[in-house]
Amino acid sequence: MRRKLVAGNWKMHGSRRFVEQTLQSIRSETEGQDAVDMAICPTLVHLPLAEAALSGSQIALGAQNVHAATEGAFTGEVSAPMLKEFSVRYVIVGHSERRQLNGETDEQVAKKFAAVLAVKMIPILCVGESLQQREQGITHQVVLSQLDAVLDRSGIEVFSQAVIAYEPIWAIGTGITATPEQAQEVHGNIRRHLAERDGAAAENCQILYGGRVKAANAAELFGQPDIDGGLVGGASLKADEFASICESAS
């Protein structure tokens, strides 16, 4: 039986005061919540502060991005070994905003995924289609192509220690949410695609939904057989909302 995972992606939000107060509130509101895995991914500059604030709690620390190289002349970047030093457990790779705004390719995402695994952290691989691609009826081709770039580089076995997040781009920051049935259809296809290579890895892999998850729709989404939790954006910035989503996952 796969455990549910709720990971909060704070994107470019927060201040020292916000991080300390919000994480304290999240810890308080989720105390005793041991039936679901939880993680918070703050900004890079707030990782040390968040590490201290989450110390001793059941909430894991995550990062929003990583560079594929371990070191080098890459101004403004951060490597997987550097993140590991701050007790980071999860690292988001291939988020749609980075694919679109930073031009990250499937090949670059696959290299980042491998770099995270190399230091025994858990990558959260984001895949998803645009509205135009959905309207063209090529959702599954797009999603599976993004997934195959990683499978071909790292192999199927590693997905027993990895997370996938399906995030329909058309449902991020638009006020639109995929229906549970739409999300389940894609999640089911992802799991079947993994199972074609290795049934055990497919069964163990957590597949999250990442398109405008909130307290009001979490229970219905998480009730689908192949949705193992959520990659939560704006709702994770509110302690009570995040706690309510975690409660739905349990």
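Student: Why is lysine 120 called exposed?

Tutor: Its relative accessible area is 72%. Exposed means over 50%, buried means under 20%, and partly exposed lies in between, with a 1.4 Å probe and protein chains only. The value of 72% is over the cut-off, so lysine 120 counts as exposed.

Student: What kind of model is this, and how are its residues numbered?

Tutor: The model is predicted: local features need pLDDT of at least 70, side-chain atom pairs count only at pLDDT 80 or more, and totals for chains, interfaces and linings use all residues. Residues are numbered from 1 along each chain as its sequence is written, and side-chain values use heavy atoms, with hydrogens and water left out.

Student: Which class does lysine 11 fall in: buried, exposed or partly exposed?

Tutor: Lysine 11 has 22% relative accessibility, so it counts as partly exposed. This residue lies in the loop between strand 1 and helix 1.

Student: How do you know that the buried residues of helix 2 share a side?

Tutor: Helix 2 (residues 47-54) buries Leu47, Leu49, Ala50 and Leu54. They cover an arc of only 160° around the axis, so they sit on the same side of helix 2. The arc is taken over the directions from the helix axis to the C-beta atoms. The cover over these residues includes helix 1, strand 3 (59-63), helix 3 (80-84) and strand 4 (88-93).

Student: What makes one side of helix 11 the buried side?

Tutor: The buried residues of helix 11 (residues 239-249) are Ala239, Phe242, Ala243, Ile245, Cys246 and Ala249. They cover an arc of only 160° around the axis, which puts them on the same side of helix 11. The face turned away from that side carries the exposed residues Asp240 and Glu247. An α-helix has 3.6 residues a turn, so residues three or four places apart point the same way.

Student: What covers that buried side of helix 11?

Tutor: The cover includes strand 1 (4-9), helix 1 (16-29), strand 2 (36-41), helix 10 (215-222) and strand 8 (229-232).

Student: Why is lysine 4 called buried?

Tutor: Its relative accessible area is 15%, so lysine 4 passes the test for buried. Lysine 4 is in strand 1. Contact means heavy atoms within 4.5 Å. Leaving aside neighbours within four places in sequence, the contacts of lysine 4 include Val36, Asp37, Asp228 and Ala249. Lysine 4 and valine 36 are 32 residues apart in sequence, yet 5.2 Å apart in space, C-alpha to C-alpha.

Student: What makes threonine 22 count as buried?

Tutor: Threonine 22 has 10% relative accessibility, so it counts as buried. This residue belongs to helix 1. Beyond four places in sequence, it is in contact with Trp10, Leu237 and Ala239.

Student: What makes a set of residues a nonpolar core?

Tutor: The members are buried Ala, Val, Leu, Ile, Met, Phe, Trp, Tyr and Cys residues, joined through side-chain atoms within 4.5 Å. The largest core has 66 residues, of which Phe159, Ile190 and Leu194 touch the most other members. Apart from it lies another core, of 14 residues, among them Ala7, Val163, Ala165 and Leu231.

Note on methods. Helices (H or I, at least four residues) and strands (E, at least two) are DSSP runs, numbered from the N terminus.
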